[in-house]
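This briefing is meant for a reader who is meeting the structure for the first time. It opens with a few lead sentences and then goes through the main features by topic.

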Amino acid sequence: MKSIYVALKHDEKQLDVLEKKFWSVSDPDHPDYGNYLTRDEVSSLIAPPRENAEAVMQWLRSSGAVHVELLSSNDVIHARLSVEALSNAFETEFFSYRHHLHETKKIVRSHTKTAAPTHIASFVDLITGVHDFPPMMKKGEKKVRSFDDHGESVAVEADIAMTGPALQFVGSRGNAKAVEVVFSPVCSDGTPISGSQQSCTGPQWDLLTVRADNDIDITFPATVDAIRCGGSKALVCSVNVPVQPYVFYQDLHIDQHFTDGTNMTSSYPFPTVATTPILPQNIWEQYKIPPFTNVTDATFSQSVVEFEQQYYSPSDLDLFFKMMGIANSAPVTVVGPNHENNPGGEANLDIQAIMGVAVGTPTYFWSIQEESTIEIDDILTWCFQMGNFTGQVPVVNSLSYGMAERNVDKYLGEGYVARSNVEFKKMALQGISIIFATGDSGAGELCPPPMCVPNCDKLNPNWPTESPYVSGISTTYFTPLAEPICYLEPSQGGVDCTSPDMPLGEVGVSLDNGIFWSTGGGFSEVSTRPSYQEKFVQYYLETNEDLPPKGVWNPSGRAYPDFSAVGHNIMIALSGKFVPIDGTSASAPIFAGVVSLLNRARVEAGQPLLGFLNPLFYKIAAQHPSAFYDVTVGANKCGIFSAGGDIPSCCDFGYTAQPGWDAVTGLGTPNYEELVQMVLKFGQK
């Protein structure tokens, strides 16, 4: 059986009313600020005529649907149909398809574009999940980066000659005193070493030297004790190189030495840096959250939303709190499927990150049922479920999913972006905060489709963070090298910021700034810039001297991110052990946890929930800049390190950080002490 949603069309007058009401309750200068509506009141505001819904439901029933339901929002219909019923409904053939590389993975689709029949077409805005064919993809592969993740990931054919060992990964993984180097060794003739044989037919590999500036020159014997190797295809090896915390290491080379005296060399074209692992206590200290701030007797809740068959482990969550020394009594409510014996790094990260900041806040683990692992992030399904939920809906919601803006309507259905904005506004009208991660592939969204775009023809904004109706969060890492002067040469007056006396600050995560991936940021191609950010963004455009060339971006578009938070080397419990995880997927739930703490303060003061954050937070930043830590170092022209693949690691252009708002880290990271005073000030009637 196939589950579909039919979103009913609103007329333009209804959409105008929705837009006007949305801004009135979200604008701190408006008399109606914080006067939120109930779900029924939102429905009465914009619900299409009942006869429209009845006509669509009759069409579905007459086609053979076994379940047809008008959701509580009164503008969405949910139905379940067999393949035969789908074919009847759309007057075209539907089939159950299998992927040629994954015979157990099935998806029900039509091979032709589908549309509602003529007699009801004017009532229908969008029908989800009937004709798109998402390619095989998997979320979160890069989140837990270590040697163990590369053992089967190197697609190197045995007959392709290499000029040196193929570098796969260079970076700091939860160890401030070591950088991990992962590579595929080769024989002296350049052919990859087989994972099954682990030897060459000619001269043997016997030594490995790792060289970089700042006095790195270490030679390792090619033995099991010194270098870990594995893999059933091409051999993949890993070595930990001792380094100093926070020091930038440039010009890293690895040399394979052979028994005949020859060498094979490869270089890593980016800097690398080792930073400390991050615990909740580090986040509290950096963001000035009083230790063990606890939400007690909460009348509101928060949630993390998961797609792509990502599940969390309750036992890992218990282990996380135990080992972090945090007493937690907050309940977790699961909505949707959760196979706790098959936890994912993404899901475990999300729930541990948000609950590690907003300790004691009742939390929903909201899991979207997917019929196969080749479905992509159907965020509207979550929106529709929220609109039909019979319990107390979570008012702070963190989502670490999304894709390139240009691919959304192509893969999820024409009109998907526009309808998503309608649903975001409906939730904001009820006082619900929606927080999205900005993506981990830089300003260009450099990664394979459908989530990204594999070239630098244009800069590609991330969706849904390009929406004017949500809050987008990018990523920083903690370091004392937090000011531009720290990166100047001594001859130019540069300062050694690695001194123990230097305070920790933050910089934007990027491949060309020492981390193995890059945070997202940019300008929408379809959404116009909202007034709440106009002055900030205009200043950026007028003062930044390193903007992209004309034609590859839209300087008039909605600019993102709005805010940022740490998201590198975040320690979580996964399958009974602790691992470091990276990503804007960490930053979004961390920032959401701060928002839950701010909501707690408002509720305790008898004030309304924060709802849509941006108009208030931009106003606070304008009047009280110290409410956010201004991140002034960072760039996002790069994506993820591409080890010789077809996708470039970097574009020639992107965005750079600077004082004030920027398209790398937004307004900056939260200063809870200042923010809590300001949200209470503006919450007064």
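**Salt bridges, helices and aromatic pairs**

Asp32 is partly exposed, with 27% of relative accessible area. Its side chain meets that of Lys21 in a salt bridge, at 3.8 Å from N to O, and the two residues belong to distant parts of the chain, Asp32 being in the loop between helix 1 and helix 2 and Lys21 in helix 1, eleven residues apart. The model described here is a predicted one, and it holds 15 salt bridges and 37 aromatic pairs.

**Salt bridges**

- Lys21, the partner of Asp32, is partly exposed as well, with a relative accessible area of 23%.
- Arg228 and Glu180 form a salt bridge in which the closest N and O atoms are 3.9 Å apart, and this pair links strand 11 (residues 228–230), where Arg228 lies, with strand 8 (residues 178–184), where Glu180 lies, across 48 residues.
- Within that pair, Arg228 counts as partly exposed at 40% relative accessibility, whereas Glu180 is buried at 6%.
- Arg211 forms a salt bridge with Asp255, with 2.6 Å between the closest N and O atoms, and the pair links strand 9 (residues 205–212), which holds Arg211, to strand 13 (residues 252–258), which holds Asp255, the two residues being 44 residues apart.
- Arg211 is partly exposed, with 29% relative accessibility, while Asp255 is buried, with a value of 6%.
- A network of salt bridges links Asp75, Asp125, Arg419, Glu423 and Lys426.

- Helix 2 (residues 39–46) has Val42, Ser43 and Ile46 as buried residues, and because they cover an arc of only 100° around the axis, they are on the same side of the helix.
- The buried residues of helix 2 pack against helix 1 (12–26) and helix 11 (416–428), while the face turned away from the buried side carries the exposed residues Asp40 and Ser44.
- Helix 9 (residues 379–388) is mostly covered, with eight of its ten residues buried, and among these are Trp382, Cys383 and Phe384.

**Aromatic pairs**

- Trp23 and Tyr532 form a tilted aromatic pair, with 6.1 Å from centre to centre and 50° between the planes; since Trp23 lies in helix 1 and Tyr532 in the loop between strand 24 (522–528) and helix 12 (534–543), the pair ties together parts that are 509 residues apart in sequence.
- Trp23 counts as partly exposed at 24% relative accessibility, whereas Tyr532 counts as buried at 11%.
- Phe523 and Tyr655 form another tilted pair, at 5.4 Å centre to centre and with 50° between the planes; Phe523 is in strand 24 and Tyr655 in the loop between strand 29 (628–629) and strand 30 (669–670), so this pair ties together parts 132 residues apart in sequence.
- Phe523 is buried at 2% relative accessibility, and Tyr655 is buried with a relative accessible area of 2%.
- Ring pairs also link residues into a cluster, whose members include Trp23, Tyr532, Phe22 and Phe628.

**Two loops**

- Thr128 lies in the loop between strand 6 (124–127) and strand 7 (166–171), is buried with a relative accessible area of 4%, and touches Ile4, Tyr5, Asp378 and Tyr416, when residues up to four places away in sequence are not counted.

Conventions: Residues are numbered from 1 along each chain as its sequence is written. This is a predicted model: local features need pLDDT of at least 70, side-chain atom pairs count only at pLDDT 80 or more; totals for chains, interfaces and linings use all residues. Side-chain values use heavy atoms; hydrogens and water are left out. Buried means under 20% relative accessible area, exposed over 50%, partly exposed in between (1.4 Å probe, protein chains only). Helices (H or I, at least four residues) and strands (E, at least two) are DSSP runs, numbered from the N terminus. The arc is that of the directions from the helix axis to the C-beta atoms. Contact means heavy atoms within 4.5 Å. Rings of Phe, Tyr and Trp (its six-membered ring) pair if their centres lie within 6.5 Å; planes under 30 degrees apart count as stacked, over 60 as edge-to-face and the rest as tilted. A salt bridge is a side-chain nitrogen of Lys or Arg within 4 Å of a carboxyl oxygen of Asp or Glu.
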